[in-house]
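Hi everyone, thanks for coming. Let me walk you through a structure I have been looking at, and please stop me whenever you like.

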Amino acid sequence: NRKHRLAYDVERVVQEHLTYVREEISDGWDLIHQEGEMKVYRREVEENGIVVDPLKIFHSIKGVTGHEICHYFWDYRYRMEWETTLDSTKIIEVLEPDTVIFFQMHKRVWPAAQRDSCFWSHIRCISNSEEDQPTWLVVNYTTPHHLAPIKSPHVRLVANVALICETIINEPPLNIQDIKRENIECKLTYVAFVNPGGWVPSAALRSVAKREYPRFLKRFTSYVLEQTRDKPILF
Ligand SMILES: CCCCCc1ccc(-c2ccc(S(=O)(=O)CCO)cc2)cc1[C@H]1C[C@H]1c1ccccn1
């Protein structure tokens, strides 16, 4: 039986991401940016002349768990502290404790029209059978909502974004409570399928994306490191 009206959609999109994330980076993906452990890949795709390039970023961050990364990504309370490309974000509906609907106003990228977005956002822990750490993920997926009317001149983004995290414990000490932050590492895969919702000059959008995705992920992961530095580890 259904938990809420979007439960089937959430399940379908989560399973799609879990299947897709394991796919190796095949040909057709260009490595467009590399910085430390972060590798940013992009495929060049246009739909009706609109750039909808899929983005896939692999990154590993020492000193945090996948649970911590997903918690700070999903929870709206922290969003304006790390998201520099938003004018506002607000929850417009809570479907269940781990599934909410957000409405966001994105900062205008001149000369394009200002974008807004409305998506359901779901956080989940997937504990696999082996003893190693569970996988944590967050999916943000565009959905219409009566409290997020599309109002000109704003253009509604269409986004399907996933952040999938594994936690590695390096040189695990004998008992788990002795694990220190220097023993843990989060390996994350971030995928973003963003359709800007209306025509934007291809070259301009590609250069904004190439600059902004690495910047946003670097800023977000630094934010989580500083927020968790002296807190107990959240596995
Ligand atoms: C002329 C502008 C066209 C649209 C630009 C745009 C808008 C939103 C988004 C986007 C939407 C969601 C997410 S998230 O990960 O779910 C976090 C929650 O906010 C992240 C990024 C992307 C882009 C694409 C440029 C690219 C870009 C990348 C990172 C920041 C700003 N711009």
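F58 is partly exposed, with a relative accessible area of 24%. Here buried means under 20% relative accessible area, exposed means over 50%, and partly exposed is in between, using a 1.4 Å probe and the protein chains only. Y41, on the other hand, is buried, at 14%.

Before I go on, a word on the source: this is a predicted model, where local features need pLDDT of at least 70, side-chain atom pairs count only at pLDDT 80 or more, and totals for chains, interfaces and linings use all residues. Residues are numbered from 1 along each chain as its sequence is written, and side-chain values use heavy atoms, with hydrogens and water left out.

Back to our two residues. Rings of Phe, Tyr and Trp (for Trp, its six-membered ring) pair if their centres lie within 6.5 Å; planes under 30 degrees apart count as stacked, over 60 as edge-to-face, and the rest as tilted. How many aromatic pairs does that rule give? The count comes to 14. In one of them, the ring centres of Y41 and F58 are 5.8 Å apart and the planes sit at 75°, so this pair is edge-to-face. Y41 belongs to strand 2 (residues 38–42) and F58 to strand 5 (residues 55–62), so the pair ties together parts that are 17 residues apart in sequence. When I say helix or strand, I mean DSSP runs numbered from the N terminus: H or I with at least four residues for helices, E with at least two for strands.

Now please find Y190 and F216. Their ring centres are 5.3 Å apart with planes at 65°, so they are edge-to-face. Y190 is in strand 12 (residues 184–195) and F216 is in helix 4 (residues 202–228), so parts 26 residues apart in sequence are tied together by this pair. Y190 and F216 are both buried. They also belong to a cluster linked by ring pairs, made up of F73, W82, Y190, Y213, F216 and F220.

Y190 takes us to the ligand. Which residues come nearest to the ligand? Of the 18 residues around it, these are E83, Q104, N140, L157 and Y190, where being around it takes a heavy atom within 4 Å. Three of these names come up again with polar contacts, meaning a pair of N or O atoms within 3.5 Å; within protein, one must be able to donate a hydrogen and the other to accept it, and residues adjacent in sequence count only if both atoms are side-chain atoms. A polar side-chain atom of E83 is 2.6 Å from a ligand oxygen. For Q104, a side-chain N or O atom is 2.9 Å from an oxygen of the ligand, and N140 has a polar side-chain atom 2.9 Å from a ligand oxygen. Taken alone, the ligand exposes 660 Å², and the protein buries 95% of that; these areas come from the Shrake-Rupley method with a 1.4 Å probe, and for residues only the protein chains shown count as cover.

S121 counts as buried, at 0% relative accessibility. Leaving out residues up to four places away in sequence, S121 touches W74, D98, T99, V100, F102, V138, V139 and N140, contact being heavy atoms within 4.5 Å.

W74 leads us to helix 2 (residues 66–74). Eight of its nine residues are buried, so helix 2 is largely enclosed by the rest of the structure. Among those buried are G66, H67, F73 and W74. T167 is in strand 11 (residues 158–169) and is buried, at 9%.

Last stop, the backbone. Most residues other than glycine have a negative phi, and most peptide bonds are trans. Where do we find cis bonds here? One joins W110 and P111, with omega about -5°, and another joins S152 and P153, with omega about 5°. N48, which is not a glycine, has a positive phi of about 50°, and N48 is exposed, at 78%. E171 has a positive phi near 45° and is exposed as well, at 67%.
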